[in-house]
Amino acid sequence: MKLLLRKEILRLVAWLLLGAVLGYYWDQPALGAAVALLVLLGQHIWQLQRLVRWLQAPHETPPEAQRLWGEVFDGIYHYQRRQKADQQQLAQLLERIQDSSQALRDGVVMIDHKGDLEWWNHAAEKLLGLSESSDRGQPITYLLRHPQFVDYYESQNYQEPLVLPSHLNEEHFLEYQITLFGENDRLLLVRDCSKMKGLERMRQDFIANVSHELRTPLTVLSGYLETFSDYAEQLPTHWQRGLTLMTQQSARMEHLVTDLLTLSRLETSDFKAEAEPINVAELLAAIRVDALALSGQQHQVLVDADTQLYLRGSANELRSAFSNLLFNAVKYTPQGSCIELRWYHDSDGAYLEVKDDGPGIDSKHLAFLTQRFYRVDSSRSSQTGGTGLGLAIVKHVLLRHQGRLEISSVAEQGSCFTCRFPLSQTLLGRAA
Ligand code: ADP
């Protein structure tokens, strides 16, 4: 290209010189040079015109030309062909992606940055009842109006999927998972999870039924054991030991059944927030009294609670969650330990903190603590009457209150269990 440019400049100089020499012949060298320049300019304008005409009809082969203009035509022609090939490749790729998405059993819906439906596959058509003629370009929240879906869609927090009954058939359950891409465009994946939900419901019902059925025989057993214990002194010593063990184990089983029933109630019942917001400071004062009774006044329990900060929710459930945390702190720390309860808020949320200076928990256990029946040290747990369900209950209660549990602990230094609630779940400035 550089060489061509140099040649073109030489050509210009040659034309100017020729014009000047011819003009000199008539005693007008400047006029001669100007005429030569005009001729050259005319040539370029003509080529430019051919270029414009060709660009307006891009399917035709480029016009024939030499030197610099020939190079320009060829360059544009090759660029156009490359573009066309790339476009074709992209179109094929897009077609393949669309074909494979069509073949998916899960619904795929593309939503543009304005929230309008752009494209969907056959499965989405069936699962959501979409119709090509009436729904394209409609806002997704116009079609899926369930308040929970609208909240999920607007939250922009799509880490977890959302499961809801289908709006076409209440007995079917659909799992929605949104992914953000491009410039605020969204990809919505929809899956029929009715079978999984059914199995889950069967598991929950089974646990609830078994626990319920165990309750009556256990009450009878504990009742008789209590009566026998009144006459324990009249029994031989080796029987007395057996009786004590049976009484302890039946109490443990009763705890287990109660915790299992609590958990299944939390899983299956609808959440009902109490009409009146809960006075957390008062609640903490009450569970402090219970915790001191459990500890036999052998622990120090300090409470620092914001009396103006109220929480919306179920007082019973929250009481059960907070006391589980406080009772754990009593059960798993030695006598003389100090436990601090804090209830406060900042600009991000409200926090209930239960902190102790006990033996702490090794970091490798922290991620599993809220799993059912997970225990750090089962021998210690059975001594304390633990069921391994306490923290699972806490997690479920918090989930029902839009909250979550955070656990931090350093071995030999103590543990801190924090219940974190969104500010929307709280009420500030109420007179106590
Ligand atoms: P459990 O009914 O056995 O107490 P949880 O689910 O309440 O079950 O607790 C799970 C495990 O977490 C317990 O077995 C215990 O080892 C550990 N744990 C809970 N709280 C504390 C604490 N404050 N300090 C040390 N370990 C704790």
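Contact here means heavy atoms within 4.5 Å. The model is predicted, so local features need pLDDT of at least 70 and side-chain atom pairs count only at pLDDT 80 or more, while totals for chains, interfaces and linings use all residues. Residues are numbered from 1 along each chain as its sequence is written, and side-chain values use heavy atoms, with hydrogens and water left out.

**View 1. Cys193 and its surroundings.** Let's start with Cys193, which sits in the loop between strand 5 (185-192) and helix 8. Helices (H or I, at least four residues) and strands (E, at least two) are DSSP runs, numbered from the N terminus. Not counting residues up to four places away in sequence, Cys193 touches Val163, Phe173, Leu174 and Glu175. Cys193 and Val163 are 30 residues apart in sequence, yet their C-alpha atoms are 8.1 Å apart in space. Cys193 counts as buried because its relative accessible area is 2%; buried means under 20%, exposed over 50% and partly exposed in between (1.4 Å probe, protein chains only).

**View 2. The largest nonpolar core, around Phe421.** A nonpolar core is a set of buried Ala, Val, Leu, Ile, Met, Phe, Trp, Tyr and Cys residues joined through side-chain atoms within 4.5 Å. The largest one has 40 residues, and Phe322, Trp343 and Phe421 touch the most other members. Among the elements giving two or more residues to this core are helix 9 (237-268), strand 9 (338-345) and strand 12 (414-421). Helix 11 gives the most, with 7 residues. At least three residues come from each of domain 3 (196-268) and domain 4 (278-428); the domain bounds come from an automatic or database domain assignment. Zoom in on Phe421 and, leaving aside neighbours within four places in sequence, you will find it in contact with residues including Leu311, Leu318, Phe322, Trp343 and Leu398. Apart from this core lies another, of 22 residues, among them Val109, Leu162, Leu164 and Ile178.

**View 3. A salt-bridge network at Glu267.** A salt bridge is a side-chain nitrogen of Lys or Arg within 4 Å of a carboxyl oxygen of Asp or Glu, and by this rule the count comes to 12. One network links Glu200, Arg203, Glu267 and Arg372.

**View 4. The Glu132 and Arg136 pair.** Here Glu132 forms a salt bridge with Arg136, the closest N and O atoms being 2.7 Å apart. Glu132 is partly exposed at 44%, and so is Arg136 at 37%.

**View 5. A nonpolar surface patch.** Leu18, Leu22, Tyr25 and Trp26 make a nonpolar surface patch of about 560 Å². Patch members have over 30% relative accessible area and no salt bridge, with nonpolar side chains (Val, Leu, Ile, Met, Phe, Trp, Tyr) joined within 5 Å and like charges within 9 Å; areas come from the Shrake-Rupley method with a 1.4 Å probe, and for residues only the protein chains shown count as cover. Tyr25 lies in helix 1 (residues 2-25) and counts as exposed because its relative accessibility is 68%.
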